[in-house]
Amino acid sequence: MGVIHGPNTRSGDYLEGMLTDHVGGKAKVKVPRSASTRLVTALTCLQFAFAMYATFLLYFMSPAIDLRTAPDFTWAKSIAQNMRQFIIPQHVLRHYQESASLLSAEIPPIRPSLVCEHERIDFSQKKSNDAQMIKLKRQLYDEILDFQRKSIGTETLAQLMAMKSKWDLRGPNRPKVTVILNHFKRKTLCAQLDSLLQQTLPFHHVWVLSFGSPNELSLRRIVESYNDSRISFISSSYDFKYYGRFQMALQTEADLVYILDDDMVPGRKMLQILSHVAGTDKYKNSVLGSIGRILPFRQKDFTFPSYRKVRSKEAGLYLPDPAYDITVDRIVQVDFLSSSWFLSAELVKTLFIETPFTFMTGEDLHLSYQLQKYRGAGSFVLPIDPNDKETWGDSEHRLAYVSETTVIFKDIVQVRDDQWWKALTTGYVTQWAAMHPQKIDALFYAHSVDEVKALAPLLEKFRSTVGKKAYIVVSGGSFCPCEDAAAALKWPKLVCKERRFKIFDLAIGTLSRISNSEVPVVQAVYSSMKGLIKIHNPSVLITVSDIDPHVKKALKMASETNANGTTLVLLPRPTVSKVLWMADLRPTALPNWSKMRISVNIITQNRANSLTRLLKSLSNAYYLGDEVPISFNMDSKVDEATIRLVSSFEWPHGPKTLRRRIIQGGLIRAVSESWYPASDDDYGLLLEDDIEVSPYYYLWIKYALLAYHYDPQVSFPELSSISLYTPRLVEVVKERPKWNATEFFKRIHPNTPYLHQLPCSWGAVFFPKHWREFYVYMNMRFTENVKANPVQIPKSRTNGWQASWKKFLIDMMYLRGYVSLYPNFPHQASFSTNHMEPGAHISAKDNVVRHDKADFEVPLLKKDFRTLLPNGKLPPASKLPSLNLFNQAVSLKGLKAAGAKLGQDVLRCDNATETVLVDHQTGMPQRCAKF
């Protein structure tokens, strides 16, 4: 603020001149500047004194002031009396003073009784006379109570009050409770305030809210009439609807919040009961209330009805429901509460994690849904003492029941139906879901429309396979709208609206529509998928391997929360159409999808060109995103070209290991020492470097392991290995006759896989338990002199084999009745082939046997083998035909009997009924056991 100065005035010089001229007419003597400063200070003090004087004068001159009773400022009083008599005549002054006294005497303080209004209830409680519906509703309520009694336990009011609580209602640890009353038009405020003022546990604060109410003035007068500093009135001309009261609850500093609709008048013990229960360990993470709903159950046609469907048991329950004579005498978990909510102040903020489906209605369901989804919190209706209304949360239930039964506008019902269905399909575990846990084979997840298209073939295979159930979850929102996903699957867009399980839209983005952080997406995917997995218990959760890494992490965490076992399967997009056989596996086998670990173990020395061909074929195979370790096992005489090749070879599917012997060991050591299992889920694929594999070899191994070894419903201890190769000769017979499996099994099925007592050395996966057993057996039976070997299988040319690891494995399998699984396709097409290149055995100087390459080199499968199998899938284990060592059809029991009869195992057993039993962890023989 500026100060205005005269045109010829310059600071204190003008005053100095005046003072100099005034002093005795003497010559001008320059006055020091300090003198002018003292003069300014003196003038300022004088001005302040005058202001104080004027203030007192004006105060005492006021007509409302009686100078006879005013404080004794005699000097001011005397001046004021004289001035006032001069300005205001005496008779006028007397008139104003008498009027003010009469006015104060005539207006007494406002009391509640003068401003309170009360709701008229001139009707009886509605009662149903439909005997059938009374029976059905009561039956459903009993089923729910029985389930909860067994699963979580339910207590009566007396039992609840006997539980230990953190709140000491009579001691120093008394809870602070803020009560929030939301009012619009009802005339129940006085009844609520009277009840709250009489509570056995006093409240901390009461906030009366009036948002956009036409009765704001009367509500304000009522609050003011109670003249209680703990009761506050908060109003706004804007109607914040049903969520406004919860937004206000975020501001409380109290321990607990009690939010009441205007139709709820609690009994005087209600705060005490609610606080006590909220302080127990069991219910501290809960929202408590007096009225609740059980959402609809699934109907016989696998759809869900409206929650308002009449004459329907599946429509759910309203609790308590006097119309059907249902009272709550034990605490009951519900899907959401209505009319009142009692919870810790900390839990209130959970309501706003996700943007509500709509702000127009449904805050009750949204609260319970969000609390369960993000806090694991339940919603409970407290029991009452039917003979003591002071324990009731709604001492006049007719008010709340009118509210419940009159909100039947069609559009509101549709909105609320859409809301609870959206909650159920994004992971809300309702009472129906808890009571009726589902079991499906596969749950697919797609975060984009392209991912939907990539997964479509496998999804359709699951859905078209008899007895299989599979659903798909899409991210929704801007990532993958449900309608676009349906179009990609060639489904009608109606599937996104109908209340039937098929496609679930998570509506990702409702947490934070604009965000540069991955946290909201991860949170939404994890929390929703966790609930969906809990509801549907899929054996596998399938998605593409190149999905967003944050989403992948969320899916992994969600799948790991399922105690029943759900395995996350990450499929590379090119392999999705190659694993349609997944749909043919039992749901008990599918969770073991990622359990096995198959390693590739290559035996090589000096055939670099052969090794190059093998490595190329291995690199071109499908591995389904699995980790597949690879090892190179080289003897001491390995050449430079091979070392350079294995050193530079890149293997993207797992770790690479190089092993080189110091002393030349020969083929028997090179093979047998190339792999040893680290666990019972560790499988070894042994390949010599002149082998070549099909692109489908790994799929064959995985499919067979899941179907015959990892299915708990299949007992197959005799299966010791899986061959990639289909032989064309009977190898162990001296004449080595040609043999065609397709022709041999044509009466069963020309392409049926089969079991053979002969192990394969040209590409096979060996099982960990049997390989440990083989190690011990070979160690006990190995001799430099082949004739010293005690095992002589009748008519087998293997008896004369020298320096062969395979001979010892054949002996063990023959003695103990073990078999290998072999493929069988047209023209002996196989998953591996042997190129019969010179090596330790082929074309060796001491090998008198001459080999025809055409007898050993078979075509590789270059297309999906599934369609060639019987009925397009692997047959049950019990339907697999079995052959003995000489390619003769013999049952598994017959194979064991032949081995026992030979009687040449490491332990002497009954030749008719017993074989050697082995400790599979150590491979050591233990005892004889009947077969």
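You're looking at a predicted model, where local features need pLDDT of at least 70, side-chain atom pairs count only at pLDDT 80 or more, and totals for chains, interfaces and linings use all residues. Residues are numbered from 1 along each chain as its sequence is written, and side-chain values use heavy atoms, leaving out hydrogens and water.

Helix 13 covers residues 363-375; helices here are DSSP runs of H or I with at least four residues, strands are E runs of at least two, and both are numbered from the N terminus. Among the buried residues, colour Glu363, His366, Tyr369 and Lys373. Just after helix 13, click glycine 376, which has a positive phi of about 65 degrees.

Now hop to the open sheet: three strands in the order 7-6-9, paired antiparallel (a pair needs at least two DSSP bridges). Strand 7 (317-319) and strand 9 (336-338) are the edges, each pairing on one side only. From one strand to the next, the twist averages 25 degrees.

Zoom in on strand 6 (residues 291-294), which pairs with strand 7 over three bridges. Pick arginine 293 and you'll find its bridge partner, tyrosine 318, in strand 7.

Last stop: helix 6 (residues 131-151), lying across strand 6 and strand 7 at about 75 degrees to strand 7. Contact means heavy atoms within 4.5 Å; axes are lines fitted to C-alpha atoms, for helices over the stretch in contact, with angles from 0 to 180 degrees between N-to-C directions.

Methods
Expected span 1.5 Å × (residues − 1). Buried < 20%, exposed > 50% of the residue type's maximum accessible area, 1.4 Å probe, protein only.
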